[in-house]
Amino acid sequence: MEQKQLEKLLGQMTLEEKVGQMIQVTGKMLAQEGNVITGPTETVEMSEEMKSMVGSVLNIRGAEKLRQVQAEFIQKHPHHIPLLTMLDVVNGLETAFPIPLAQGCTFSPELAEQVARASAVEAATTGIHVTFAPMLDLTRDPRWGRVMEGTGEDPYLNSEMGKATVRGFQKVTLQPGQQKKVSFAITEPMLRFYDIDMRYTSEPGAFRVYIGTDSDTDNEALFYYGEKR
């Protein structure tokens, strides 16, 4: 969405709808199955109207379930704004890796990057947008309940492991002078979206792929899907 389109959308939204974008709900409030339950939900009082305007959902697992919840939610939302989908992926998703505290014991940022990369692939495949990792608080008091989510009490180690984890989650990195051959396939399902009639579809057209550290990169490629116009 371009800036002008975003400004137009914001101008059409009510205050309640804007506040709704800042609300996160647990999966059980939108779907009865495929949820990871981490806290009480029965005591939360929220109208169906407010549920239809929230901005993100936590703890729904499974690509098919997320796709179903997303389709139903977009149809109900006053402006058809999709949900951000979130899940704690601190030491893997389908694959269970050692907890971050144990990873810190290896003193190996390279290993942390590999773990994050594998976790990112699994999370993206199932439709997760946000992983809540890495957790970089210094864990110096064992009474704190999230000690296991960090890599220890040392600032330097935490920073190095944290940077490696972010690299693994986000992108392929190159050292100065280093070269890597990267290949990937873009398939038709990856180009699908919900059109104005709420059909989950794809359309022929030209698409650009940008590769670089930011939006100013000169490394780009143009490809066509469907009939070239």
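## A pocket and its lining

Helix α4 gives the most to the lining of the second largest pocket, supplying four residues. This model is predicted.

Which residues line the second largest pocket? They are M29, L30, E48, K51, S52, V69, E72, F73 and K76. Two helices, α3 (48-51) and α4 (63-76), each supply at least two residues of this lining. Sort the lining residues by class and you get four nonpolar, one polar and four charged.

## The sheet

Next come the strands. Three of them form an open sheet, in the order β1-β2-β3. Their pairing is parallel. In general, strands of a sheet pair through backbone hydrogen bonds, and the pairing can be parallel or antiparallel.

Why is one side of β1 and of β3 left without a neighbour in the sheet? Strands β1 (24-26) and β3 (84-86) stand at the edges, and each has a single partner strand, so one side of each has no neighbour there. On average, neighbouring strands of this sheet are turned by 25° against each other, with direction ignored.

Now look at one pair. Strand β2 (residues 56-58) runs parallel to β3, and three bridges join the two. Take S56 as an example: its bridge partner in β3 is L84.

Move on to N59. This residue sits in the loop between β2 and α4. N59 is not a glycine, yet its phi is positive, at about 75°.

Find helix α6 (residues 109-126) and helix α7 (residues 155-170). They pack at an angle of about 35°. Their axes are 7 Å apart. Is the crossing of α6 and α7 left-handed or right-handed? The crossing is right-handed.

Which residues meet here? From α6 come P109, A112, E113, A116, R117, S119 and A120. From α7 come E160, M161, A164, T165, R167, G168 and F169. By class, this contact of α6 with α7 has seven nonpolar, three polar and four charged residues.

## The loop between α6 and α7

P134 is found in the loop between α6 and α7. Check the bond that joins A133 and P134: it is a cis peptide bond. Its omega is about 0°.

## Cavities

How many cavities of 30 Å³ or more does the structure hold? There are two. The largest cavity has a volume of about 160 Å³. It is lined by 21 residues, and the closest to its centre are V90, P100, Q103, P134 and T165.

Two of these names have come up before. P134 belongs to the cis bond with A133, and T165 is one of the α7 residues that meet α6.

Which elements give two or more residues to the lining of the largest cavity? They are α5 (100-104), α6 and α7. By class, this lining has 12 nonpolar, eight polar and one charged residues.

Note on methods:
Residues numbered from 1 in each chain as written. Predicted model: local features only at pLDDT ≥ 70, side-chain atom pairs only at ≥ 80, totals over all residues. Heavy atoms only, no water. Axes fitted to C-alpha atoms, helices over the stretch in contact; angles between N-to-C directions. Left-handed = near helix turned anticlockwise from the far one by under 90°. Contact = heavy atoms within 4.5 Å. Nonpolar A, V, L, I, M, F, W, Y, C, P; charged D, E, K, R; others polar. Pairing = 2+ DSSP bridges. 1 Å grid on protein atoms, 1.4 Å probe; cavity = no way out; pocket = protein on both sides within 12 Å on 5 of 7 lines; lining within 4 Å. Points joined across faces, edges and corners; volume = space filled by probe spheres on them.
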